[in-house]
Amino acid sequence: METNKLKRELSTRQLTMISLGSAIGTGLFLGSGLAIQTAGPSVLVSYAIGAFIVLLLMGALAEMTVAHPTSGSFGTIAERYVHPLAGFLVRYSYWVANVLAVGVEVSAIAIYMRYWFPDVNGFVWVALFGGLLIYVNARHVHTFGTTEYWLSFIKVTAIILFIVLGAATLFGEPESPIESITTGNEGFFAFGFYGMWVTIFISLFSFLGTELVAVTAGEAKDPDQAVPRALRATVFRLTFFYVVTLAIMLMLIPWQQAGIDQSPFVLVMEQFDVPFAAGILNFVILIAALSAMNAQLYASTRMMYSLAEAGDAPKAFKKISKNGIPMFALLVSTGGIVLAALLQVFMESSYPFLMGISMFGAIFTWFMVFVSHLFFRKKWTGRKLPVRMMGYPFLPLLGAVLLLSLMITTWFTDFNILLKFGVPWLIGLTIIYYVREQMRKNQNRSSDIEQAN
C-alpha cells in the first residue's frame, strides 16, 4: 500500500546524532589540515566565526521548522514566504548538492579501502557500500535513524577519546602549551586577516550537514520539542568538538607540520604512540564518510519528495512505500553513487569539481534560510511558536551578509569553482522555471478556450 505521507518515527536523540554525524565527517578528520595550513593558529578564530554563523542559522531554522515541520523544510518555507521561484531554486540546489556529495563520499570510501585492499578496484567498494546504504534508506525511517545514530556515535566517541588523550598529555607538559599558539615565530595571525577570513569558508564546509535536522522534521515524533532541542545541542556540541580539537592539535604539534598530505590526527596519534594509529584513523574516517553519505542520501531523497509535493518534479517521486519511504525519490537520488562508480573508471580526478558544486548548493541554501526568515517573521500570523530567534532582523541579516561575502571571496581563491558553477546553475534553473510557468499558463488558457467552446 502506498500513500503520500511520511511517518513520524525519529526521536530527539536520533535527530541530534544525525545532525552531529552529518557535520562531523572528513571535513574535520582530513580538512582540518588544510584549514590550519591556510590560517595558522588563527584557525581557531575562523572556526569560532563559522560556529557563530551556524548558531544564527540554527536559530532561524528552529523557529521556521517548528512552524512548518515538513520534509521539504527550507524549500517549502522559501516558496511560501519569499517566492515560488525561491523554493524551486533552494530545493533543486540542495538536492543536487546532496546527490553529488553522496558521490564524493562514496568515492572517498573507495580510496580509504585501498589501505587494506590495495589491489581491489574502487568500483567494487562503490557498488558494495552504495548498495548497502541504499538498502538502509529503503527500510523504515527508524532503521535509517538507528544506523545513523550508531555510525555517528563511533565518530563522536573517537573525537572524545582524542580530546581526553590530548588534554592528559598537555597536563603533563612543564611549559604552558598555549604559548605555542600565541607566541610562535609567525604569531597568532600567521597569514594575516585574509588567511583567517578564507578559512571561515573551510570551516563552513566542516559544519555542513547541521541543517539536516530541519529536513528530518517531517518525520520527527514531536517537532515542537525535538527540533529546537536537536538544533541547540548540535550547535554547542559541534563548536566544542571542533574548536577544542583544533586547539589541542595546535598545542601538541607545530602548526607548520599540518597539511593536506597527512591528517593532523595521525601526527598527534603518533605522539601518543598509539599502535596501528594509521589503521585506526583510516577506520574512523571510513565510518565518517559512511555516516555522511547515509545522511546525504536521506536528505536528497526527502528534498526530491518535497519537489514532487510542490509540483516541481514528477508525481511519482512523492509516492510512499508501505515502509514509509519515497522509493522513486530515493532511486533518482542515487545518481551520485552511479556517477561515482563511473568516475572510478573515467574521471577520478573530478573529485574537487564535484565538491565545489556540492558546496555551492549547500551554502546557497544556508543563505536563503536567512533571507526566508526575514520574510517569514513579517508574514507569520499563526500560533505563538515555542521558539523564536533573538535579534530579528539584525542577526538574520548579518548571517546573510557574512555568507554572501564569503561566497564572493571564493572567486579569488582555489574554491572559485563554487561561483563558476553556481551562477550559471541559478541562471539556468531560473530560465527553466519561467519557461515551465509560461507553458502552464498556455495550457490553462487552452483549456479555458476549449471549455468556453
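Biologist: Which helices each supply at least two residues of the lining of the second largest cavity?

Modeller: Keep in mind that this is a predicted model. The lining of that second largest cavity includes Trp197, Val198 and Phe201, along with Leu406 and Thr409. The helices that each give at least two lining residues are helix 10 (192-207) and helix 18 (394-409).

Biologist: And which helix gives the largest share of that lining?

Modeller: The lining residues are Trp197, Val198, Phe201, Leu406, Thr409, Thr410, Thr413 and Phe415. Three residues make up the largest share, and they come from helix 10.

Biologist: How much space lies in the second largest cavity?

Modeller: The structure holds two cavities of 30 Å³ or more. For the second largest cavity, the space comes to about 30 Å³.

Biologist: Let's zoom out. How many helices and strands does the protein chain have?

Modeller: There are 453 residues in the protein chain, and 57% of them are buried. Among the contacts with a separation of 6 or more, 83% join residues 24 or more positions apart. As for secondary structure, the count is 19 helices and zero strands.

Biologist: What share of the accessible surface belongs to carbon and sulfur atoms?

Modeller: The accessible surface of the protein chain is about 19400 Å². Of that area, the carbon and sulfur share is 66%.

Biologist: Now to one residue: is Asn137 buried or exposed?

Modeller: Asn137 sits in helix 7 (residues 122-138). Its relative accessible area is 2%. The cut-off for buried is under 20%, so Asn137 counts as buried.

Biologist: What separates the C-alpha atoms of Asn137 and Asn294?

Modeller: Leaving out residues up to four places away in sequence, Asn137 touches Phe144, Asn294, Leu297, Tyr298, Ile325 and Leu330. Asn137 and Asn294 are 157 residues apart along the chain. Still, their C-alpha atoms are separated by 7.6 Å.

Biologist: Which helix gives the largest share of the nonpolar patch?

Modeller: That surface patch covers about 820 Å² and is made by Tyr115, Trp116, Phe117, Val120, Val124, Trp150, Phe153, Ile154 and Phe283. Three residues form the largest share, and they belong to helix 8 (residues 141-171).

Biologist: How does Phe283 count, and why?

Modeller: Phe283 is one of the residues of the nonpolar patch, and it lies in helix 14 (residues 277-309). Its relative accessibility is 39%. Between the 20% and 50% cut-offs a residue is neither buried nor exposed, so Phe283 counts as partly exposed.

Note on methods:
Residues numbered from 1 in each chain as written. Predicted model: local features only at pLDDT ≥ 70, side-chain atom pairs only at ≥ 80, totals over all residues. Heavy atoms only, no water. Helix = DSSP H or I, 4+ residues; strand = E, 2+ residues; numbered from the N terminus. Buried < 20%, exposed > 50% of the residue type's maximum accessible area, 1.4 Å probe, protein only. Contact = heavy atoms within 4.5 Å. Patch = residues over 30% accessible without salt bridge, like charges linked within 9 Å, V, L, I, M, F, W, Y side chains within 5 Å. Areas by Shrake-Rupley, 256 points an atom, 1.4 Å probe, with all protein chains shown as cover. Salt bridge = Lys/Arg side-chain N within 4 Å of Asp/Glu carboxyl O. 1 Å grid on protein atoms, 1.4 Å probe; cavity = no way out; pocket = protein on both sides within 12 Å on 5 of 7 lines; lining within 4 Å. Points joined across faces, edges and corners; volume = space filled by probe spheres on them.
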